Amino acid sequence: SLFYSYSRSFLPQIFTDRFGRTFDPETGKSHEVGLKQELLDGRGSVTATLYQLRRTGTVIEDPNDIDSLVDAGSGRSRGFEVEVELRP
């Protein structure tokens, strides 16, 4: 079977920077498309998926001060994933 998934995320930040300012919320969008095939009379399956994830507002540890946090800006992840499952 063929599938498609879309999701959005929103994560309010509770942390502050070294000046006491709060960070903007982290937001994201995810797209995923793939194919799943049953094998061996239902005792196994193979799933192949292409995905893309975009995020903004990600907070990370400051590389210059480990006691502080900074906004890392935006980022994108793209990939291909294959999962094989076998059952007795």
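**View 1. Arg-18, Asp-62 and Asp-65 are joined in a network of salt bridges.** A salt bridge here is a side-chain nitrogen of Lys or Arg within 4 Å of a carboxyl oxygen of Asp or Glu. The model is predicted: local features need pLDDT of at least 70, side-chain atom pairs count only at pLDDT 80 or more, and totals for chains, interfaces and linings use all residues. Residues are numbered from 1 along each chain as its sequence is written, and side-chain values use heavy atoms, with hydrogens and water left out.

**View 2. Asp-62 and Arg-18 form a salt bridge through their side chains.** The N to O distance is 2.8 Å. This pair links distant parts of the chain, 44 residues apart. Asp-62 sits in strand β4 (residues 59-62). Arg-18 is in the loop between β1 and β2. Strands (E, at least two residues) are DSSP runs, as are helices (H or I, at least four), and both are numbered from the N terminus. Is Asp-62 buried or exposed? Asp-62 is buried, at a relative accessible area of 4%. The cut-offs are under 20% for buried, over 50% for exposed, and in between for partly exposed (1.4 Å probe, protein chains only).

**View 3. Glu-26 meets Arg-55 in a salt bridge.** Their side chains come to 3.9 Å, N to O. Glu-26 lies in strand β2 and Arg-55 in strand β3 (residues 44-56), so the pair ties together parts 29 residues apart in sequence. Glu-26 counts as buried, with 12% relative accessibility. Arg-55 counts as partly exposed, with 35%.

**View 4. Glu-38 and Arg-87 make a salt bridge.** The closest N and O atoms are 3.6 Å apart. Again, distant parts of the chain are linked: Glu-38 is in strand β2, Arg-87 in the segment after β6, and 49 residues separate them. Glu-38 is partly exposed, with a relative accessible area of 44%. Arg-87 is also partly exposed, at 32% relative accessibility. How many salt bridges does a search of the whole structure find? The search finds 6.

View 5. Which strands each supply at least two residues of the patch? They are β1 (2-11), β2 (26-39) and β6 (74-86). β6 gives the largest share, 4 residues. Leu-2 is placed in strand β1. Leu-2 is exposed, at a relative accessible area of 68%.

**View 6. Leu-40 and Asp-41 sit in the loop between β2 and β3.** Leu-40 has a phi near 55 degrees, a positive value in a residue other than glycine. Asp-41 is not a glycine either, and its phi is positive at about 55 degrees. Most residues other than glycine have a negative phi. Asp-41 is exposed, with a relative accessible area of 82%.
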